[in-house]
Amino acid sequence: MGNRSVNASVEAVYKQGFATYNGSVENSDCNDIRACLSGDNAAYERLILRYQEQITRLMWRFSRDSSINERLVQDTFVEAYFSLKSYKAKAPFLHWLKKIATRTGYRLWKEQDKEKRFLPLEDIDIAAKETQQEIEPEKAGEILHALLGRLDIADRLVLTLMYFEDCTIKEIAERMGWTRAAVKMRAMRARKKLRKMAEREKILEKLEWMQ
Amino acid sequence: MDAIKIIERLAKTAQKEKPPQIDVSKAVMFEIGILQQETTGFVPFEWFAGISAVAASIVMFLSFYAWRYIADPFVQLFVPFQEILPW
């Protein structure tokens, strides 16, 4: 593979302003990708160390089980390694990694969906009893994860990326290879379903102290 | 307040959550190593498949010509009678 062309295109991406250029990290990416394609596995280890935190954070939205989360992160990096030749440097390396990670997480949900596993909503009852003014981020994450887990997996994915990752419709569409119109429609329907579900579970009453 | 507003507020709070710190670098490199070894094991298999394909295409080439000389055994039954004129 033409390492020089990969190098040039990676640099071109950052110069065009697709990512905030801070002068070191992206150049390191560029060098490490080039080295990795030449067979230097230590370079790939450096890439893992650089991005595993962000990927772990993303995968935490797909599974809050530590062992599954670790497995998902691992699978993402293994898949990325074997697909590295297909990285066209049209976007920063992290965006490309997140695309693989999102699809890996979505696959997990598909497998879990066959087993029809639902997460309990007991956390909401616990949160309801709390008298403090602010809910802990971990608790909020658990409640939201359990709530979204009751939606269809595609709806769940759209809202997970929107709520947890602050992704736009365009970003979700690009990540999943769906059309923007489809994502927009799905987001609208998913919100409606979520509202109905929240009413059914009386979430508004349980968490009214948050208002 | 709307339920969705509450959920959005939950999401804003959940974004501050710190996931567990993990280091998968060693495990990933180990898995990559194993998968690469398995991939190299496939090379003789690919060679074997290639040779088989070449052999199969030679047999097909020959059988295509042989096909022209294959006669229907039912027709062959009546071949001796072709020379005997019924009238």
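Helices here are DSSP runs (H or I, at least four residues), strands are runs of E of at least two, and both are numbered from the N terminus. Next select residues 13–25 of chain A, where the pLDDT is below 50. Beyond near neighbours in sequence, this stretch has 13 contacts in the model, a contact being two residues whose C-beta atoms, placed from the backbone, lie within 7 Å. Chain A as a whole has a mean pLDDT of 82, with 75% of its residues at 70 or more.

This is a predicted model, in which local features need pLDDT of at least 70 and side-chain atom pairs count only at pLDDT 80 or more, while totals for chains, interfaces and linings use all residues. Residues are numbered from 1 along each chain as its sequence is written, and chains are lettered from A and ligands numbered from 1 in the order in which they are written.

**Chain A, overall**

Show chain A as a cartoon: it has eleven helices and zero strands. Buried residues make up 30% of its 211 residues. A residue is buried if 20 or more other C-beta atoms lie within 10 Å of its own, exposed if 12 or fewer, and partly exposed in between, with C-beta atoms placed from the backbone. Of the chain A contacts between residues at least 6 apart in sequence, 63% join residues at least 24 apart.

**The two domains**

Colour residues 1–117 of chain A as domain 1 and residues 119–211 as domain 2; the bounds come from an automatic or database domain assignment. The contact between them takes ten residues from domain 1 and ten residues from domain 2. On the domain 1 side, select helix α5 (residues 93–115) of chain A, which supplies the largest share, seven residues. That side of domain 1 has three nonpolar, one polar and six charged residues. Here Ala, Val, Leu, Ile, Met, Phe, Trp, Tyr, Cys and Pro count as nonpolar, Asp, Glu, Lys and Arg as charged, and the others, Gly among them, as polar.

Move to helix α8 (residues 153–163) of chain A. This helix is largely enclosed by the rest of the structure, because eight of its eleven residues are buried. To see them, select A:Arg156 and then A:Leu157, A:Val158, A:Leu159, A:Thr160, A:Leu161, A:Met162 and A:Tyr163.

In the loop between α8 and α9 of chain A, stop at A:Asp166. Its phi is near 55 degrees, a positive value in a residue other than glycine. Most residues other than glycine have a negative phi. A:Asp166 is exposed, with 11 other C-beta atoms within 10 Å.

Now show helix α9 (residues 169–176) and helix α10 (residues 180–200) of chain A together. They pack at an angle of about 115 degrees, with their axes 9 Å apart. Axes are lines fitted to C-alpha atoms, for helices over the stretch in contact, and angles run from 0 to 180 degrees between N-to-C directions. On the α9(A) side, the contact is made by A:Ile169, A:Lys170, A:Ile172 and A:Ala173, and on the α10(A) side by A:Arg180, A:Val183, A:Lys184 and A:Ala187. By class, these are five nonpolar, no polar and three charged residues.

**A:Trp60**

Select A:Trp60, in the loop between α3 (41–59) and α4 of chain A. It counts as buried because it has 22 C-beta neighbours inside 10 Å. Apart from neighbours within four places in sequence, A:Trp60 is in contact with A:Asn69 and B:Pro19. A:Leu72 is twelve residues from A:Trp60 in sequence and 9.2 Å away in space, C-alpha to C-alpha.

**Chain B and the interface**

Follow the contact with B:Pro19 across to chain B. Chain B has three helices and zero strands, and buried residues make up 9% of its 87 residues. Its pLDDT averages 84, with 90% of the residues scoring at least 70. Confidence in chain B is lowest in helix α3 (residues 73–78), at a mean of 79, and highest in α1(B), at 87.

Finally, select the interface: 24 residues from chain B and 34 residues from chain A. On the chain B side, α1 (3–14) and α2 (25–67) each supply at least two residues. α1(B) gives the most, with nine residues. The chain B side divides into 16 nonpolar, three polar and five charged residues. For the complex, the predictor gives an ipTM of 0.74 and a pTM of 0.72.

Key: pLDDT is the predictor's confidence in each residue, from 0 to 100.
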